[in-house]
Amino acid sequence: MGEQLFVCPADPIGEPGPSAPFDMAAVGRFAARHLLPVPAEDLDTDDAASMDDRECPTAYIDPSGIRVDIGPSAIVFHESGAAVEETVFAALNEVGGIAVDPAQALAVSCDDTWLESELSPVDTLVVVATITEMRSAMRTGPDRSGIVDGRQ
């Protein structure tokens, strides 16, 4: 997986392109359950912000110690891979959207209404129901593009 991983809102039934922003109440509940807030001014200077700190005055740390930025259009994990899998899966279940790994042109969603859609927001979108299925999809990637049913 790439250096950063993004969870973005996406609507399988909506029009192509950017969808409405996250439900910030759901994001707040997710952050309260899974993240520890850290004021942006307390971050190391070499911890480059992925969003304007004026827009996101508080950064977060997940249980594994990885920085997470939250904005209306994305939740940004500053590392990807096994360390953030549980927090990413929680975000997909509690907030919704898709987890995008730009390095693989791969996205994962827990929303099975994607399986009725013909349009994937990236080259490949895998629909999963469990963290085991998410891990499998993000570590190996599917063998074809489009919308893939990754449920077992």
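## Fold pattern

Along the sequence, the protein runs β-α-β-β-β-β-α-β-β-β-α-β. It holds 3 helices and 9 strands. These are DSSP runs, numbered from the N terminus: helices are H or I with at least four residues, strands are E with at least two.

The model is predicted: local features need pLDDT of at least 70, side-chain atom pairs count only at pLDDT 80 or more, and totals for chains, interfaces and linings use all residues. Residues are numbered from 1 along each chain as its sequence is written, and side-chain values use heavy atoms, without hydrogens and water.

## Packing of H1 and H2

Helix H1 covers residues 24-34 and helix H2 residues 85-94. They pack at about 150°, with axes 10 Å apart. Axes are lines fitted to C-alpha atoms over the stretch in contact, and angles run from 0 to 180 degrees between N-to-C directions. H1 and H2 are therefore roughly antiparallel, a term for angles over 145 degrees.

Which residues of H1 and H2 meet? From H1 come Ala26, Phe30, Arg33 and His34; from H2 come Thr87, Ala90, Ala91 and Glu94. By class, this contact has 4 nonpolar, 2 polar and 2 charged residues.

## Contacts along the sequence

Contact means heavy atoms within 4.5 Å. Among contacts between residues at least 6 apart in sequence, 52% join residues at least 24 apart.

Note on methods
Parallel < 35°, antiparallel > 145°, perpendicular 65-115°, else oblique. Nonpolar A, V, L, I, M, F, W, Y, C, P; charged D, E, K, R; others polar.
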